[in-house]
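Let's take a walk through this structure together. Have a look at it first, and then we'll go helix by helix.

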Amino acid sequence: MAHATPDYHAVQSSSPITTLRFSQQAPVILEHQLHSENNPISTLIAKQEEPEKYGIIEQLFFSCLQTGDDRSALLCLEQLTRRFGSSNEKVMGLRGLYEEAIAENQSDLEDSLRKYDSSLLENPLNLPILKRRIALLRSLARPADAITGLVELLKAVPTDAEAWCELADLYQSQGLSSQAIFSFEEALLIAPNAWNIHARLGEVLYICARAAETEVTSRYLRRSIQYFCRSVELCDDYLRGFYGLILATSLQLGREFTMDSTQASSSASTEDFLPKEKVEKLNLFARRKLEDIMKRRSMDRQLWEHAQGELIAAKELLDRESC
């Protein structure tokens, strides 16, 4: 069975263990839902709860697909189809995701792509299908086509911050850092308080700083540090933001140390660095905050399960910084 790539607006944030536990409840949840549908009185009483009720079925659908329970996922899809109709745009997108998940080979995935193209001929602004098509193009290793699809989508819906972020990721994967930076900046115009986007832009700028020539490194680093700072200002326990802030400030301190006096006097880049004392304080502050986050989350089993990879990476960073 092929593994479908969920489109960016439907990616689940639950840990694998939580997702598995939820999917294992599928028989009970679906049986209860079916009983309610067959009982007119219960249906009438629960009418006002429908958005939440069917939202749970949709989340169960995603969880079942992620854990390989295709049968339960199909039952979820059938219930949503009965309720909203097969021509509902969101249901069409979910059906496309299901067909991708059960695809056995490349040919089946290409067939799904043709179905998306056919649907878009009838309705070019079917957003769930547009997004599924882009996700499928990316999973088929066709990033240029996925970028083209996202650009077309954003012409129709320029206020989709998640689409701008997806476009930025695709640009960055192709080594197009300037375009990635621009796309993240567009996303922040739409969602200025999204601390995760600030951090992601900080990461791209940090990568640029590491790869850049000396004369522009400082400008990238200054901006990277500023975006990481804004990220943790908006969310004071955002592990990824503090992780990035440590990396960026450490890089500036390391670059300042390795630049000899001739380079420093002949290059304007040193003037673009943030003051060394300020960067040292930010580095120390970020390390202490990250240590505190690590301590608190390591003692919370649920938090540990949810972000085990991030916590392990953070511990490795702290160990390196202390050497």
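Which residues of helix 9 are buried? Keep in mind that we're looking at a predicted model. In helix 9, the buried residues are A146, I147, G149, L150, L153 and L154. Looking down the axis of helix 9, you'd see these buried residues fall within an arc of 160°, so they line one face of the helix. As for what the buried residues of helix 9 pack against, that's helix 8 (127-139) and helix 10 (161-173).

Helix 9 also passes a simple length check. It covers residues 143-156, and at 1.5 Å a residue those 14 residues should span 20 Å; the end C-alpha atoms are 20 Å apart, so the two values agree.

Among the buried residues of helix 17 are V279, L282, A286 and L290, along with N283 and R297.

Now for a pair of helices. Helix 11 (residues 177-190) and helix 12 (residues 195-211) pack at an angle of about 160°, and their axes are 10 Å apart. Because angles over 145 degrees count as roughly antiparallel, helix 11 and helix 12 are roughly antiparallel to each other. Their crossing is left-handed. Helix 11 makes the contact with residues including I181, F184 and L188, while helix 12 brings in residues including L201, V204 and C208.

How values were computed:
Residues are numbered from 1 along each chain as its sequence is written. This is a predicted model: local features need pLDDT of at least 70, side-chain atom pairs count only at pLDDT 80 or more; totals for chains, interfaces and linings use all residues. Side-chain values use heavy atoms; hydrogens and water are left out. Helices (H or I, at least four residues) and strands (E, at least two) are DSSP runs, numbered from the N terminus. The expected span of a helix is 1.5 Å times one less than its number of residues. Buried means under 20% relative accessible area, exposed over 50%, partly exposed in between (1.4 Å probe, protein chains only). The arc is that of the directions from the helix axis to the C-beta atoms. Contact means heavy atoms within 4.5 Å. Axes are lines fitted to C-alpha atoms, for helices over the stretch in contact, and angles run from 0 to 180 degrees between N-to-C directions. Angles under 35 degrees count as roughly parallel, over 145 as roughly antiparallel, 65 to 115 as roughly perpendicular and the rest as oblique. A crossing is left-handed if the near helix is turned anticlockwise from the far one by less than a right angle, and right-handed if clockwise.
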